[in-house]
Amino acid sequence: MTLLARLRDWERRTRPVDEEFRAAMARRWEGLPDIVKTPGQVLGRHGVGCEGTHGVFPRCNLACTPCYHSRDANKVAVDGPHTIENVRAQMGLLRTLRGPRAHAQLIGGEVSLLDPDDHAETLQVMRDAGREPMSFTHGDVDDDYLERLVLGKDGKKRFDRVSFAAHFDMQMYGRRGIARPPDEKSLDPYRQRFAQQVKRLKQAYGVSSFLAHNMTVTPANLDQVAHVVRSAGRMGYGMLSFQPAAFLGDDRRWHGEYRDTTGDAVWAEIERGAGNRVDFRVFEHGDVRCNRTAYGAFVGERWHPVLDGSDPRDLRVRDAFFEVLGSISFTGPPKREVAAQVARAVAAHPSSVPLALGWAVRAVRRVGARELVRSGVKPVTLVMHSFMDAADVAPAWELMQQGVVSDDPHQRSVQERLQACHYAMAHPEDGSIVPACVQHSVLDPLENAQLRTLLPLVEVRSRRYAER
Ligand code: SF4
């Protein structure tokens, strides 16, 4: 490539606004129900939402209560080529319909049952489609697996960065060393171990990482949420996501009055662990009845928000963020490209500089300069994702398929949430995109029954890992 061609390429890659991405966000905004078009809405202003895979490796080697997979899930063999082929098709459709960039979760049953080479190839397929992938795991994995995932056969690293969402809670049975956890606290060493295993990839091989921690909340562990916020929040998990249990998936694994655990009760526990009020209206991802999100950081014992929702000056900073930096993806592209995009965006909006400086001064004052220096900053995003019950989703979705807006207030609220869904799954066979609630409530049972025939447990085509 000539010098001129290189400069042109650099100029293109560091543009703060990608027109295709902006058009995709505009379409997303257009499709949102009015009820979620709030000043803090992120969809359509800084992204199109999350995506996830389905129908690829539904099997898991732990047992969760509840489990969102259908009852046939554990009768399907894990098959690398099937996964790669189907993820490629799903990501291709998402790329076409939802634009050039998004976060996507490589999710099914347990991702580490995939051969590490197949897992790596799947992550690359996702990246090639403009998706920033995150692998979902129970975290009960060996160093050897993680090494084989990030290193190619030549021993060289094949990724600069990997992301995992690790699910830990006391209602998962069969974890090595702690088959039936008595409480959440007893899982802390396992949470810590996985965080250290992933961190080690940086020290040993130069592979950076992002870690999220997931936990299902039921009446049995609700009062332990605060403990998990405090403990996992200091282990290196950059996101703590709590899911109030829903009546979804395998009904043999429903063991509780899940609806006794309200979103407000879970959020109150999150605030107890954070040691602070946690405002989930500053930034909204879709419908707040589905998702509550708050960006911030632990400084010492206390979590602090990035922006204070009660301060109009901070809300102006949020609005400026959407306007000036909304089209920039902060994860995915190399850091130097992101830095150049930000610099160009700020140069085009010089009035954003005093706004940012004012915010920085207020943020330091709020936390305390001495405390900042003494304790350092641990960025942690707090999230609650509330799946809906299958019994609510199925009829509401059926009406939506017929173009009918329900008169029933409850069913209407379900339809609004589905329309604003933040977590989408693709069906290349008919070109549709569906909310994950619909996938798990309506489509998974038939899909897994078909997979059971296609990939019976006895036939395992992917044996590369075992043979290495
Ligand atoms: S509709 Fe379901 S999958 Fe989508 S964001 Fe709401 S709870 Fe999540």
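V434 is partly exposed, because 17 other C-beta atoms lie within 10 Å. The model is predicted; local features need pLDDT of at least 70, side-chain atom pairs count only at pLDDT 80 or more, and totals for chains, interfaces and linings use all residues. Residues are numbered from 1 along each chain as its sequence is written.

V434 belongs to strand β15 (residues 432-435). Helices (H or I, at least four residues) and strands (E, at least two) are DSSP runs, numbered from the N terminus. Neighbours within four places in sequence aside, V434 contacts M425, H427, Q439 and L443. Contact here requires C-beta atoms, placed from the backbone, within 7 Å. L418 is 16 residues from V434 in sequence and 8.6 Å from V434 in space, C-alpha to C-alpha.

The axes of α13 (residues 390-401) and α14 come within 9 Å and cross at roughly 75°. The two helices are therefore roughly perpendicular. Axes are lines fitted to C-alpha atoms, for helices over the stretch in contact, and angles run from 0 to 180 degrees between N-to-C directions. Angles under 35 degrees count as roughly parallel, over 145 as roughly antiparallel, 65 to 115 as roughly perpendicular and the rest as oblique. From α13, D392, V393, P395, A396, W397 and M400 meet Q411, V414, Q415 and L418 of α14. By class, this contact has seven nonpolar, two polar and one charged residues.

The largest nonpolar core holds 99 residues. Such a core is a set of buried Ala, Val, Leu, Ile, Met, Phe, Trp, Tyr and Cys residues joined through C-beta atoms within 7 Å. M126, L240, F242, I270 and L382 have the most contacts inside the largest core. M126 lies in helix α4 (residues 116-128). M126 is buried, because 27 other C-beta atoms lie within 10 Å. Beyond four places in sequence, its contacts are V87, M91, A104, L106, R131 and P133.

L93 sits in helix α3 (residues 80-98). L93 is buried, with 20 other C-beta atoms within 10 Å. Its contacts, leaving aside neighbours within four places in sequence, are A426, P428 and G431. E19 is 74 residues from L93 in sequence and 19 Å from L93 in space, C-alpha to C-alpha.

Terms used: Buried ≥ 20, exposed ≤ 12 C-beta atoms within 10 Å, placed from the backbone. Contact = placed C-beta atoms within 7 Å. Nonpolar A, V, L, I, M, F, W, Y, C, P; charged D, E, K, R; others polar.
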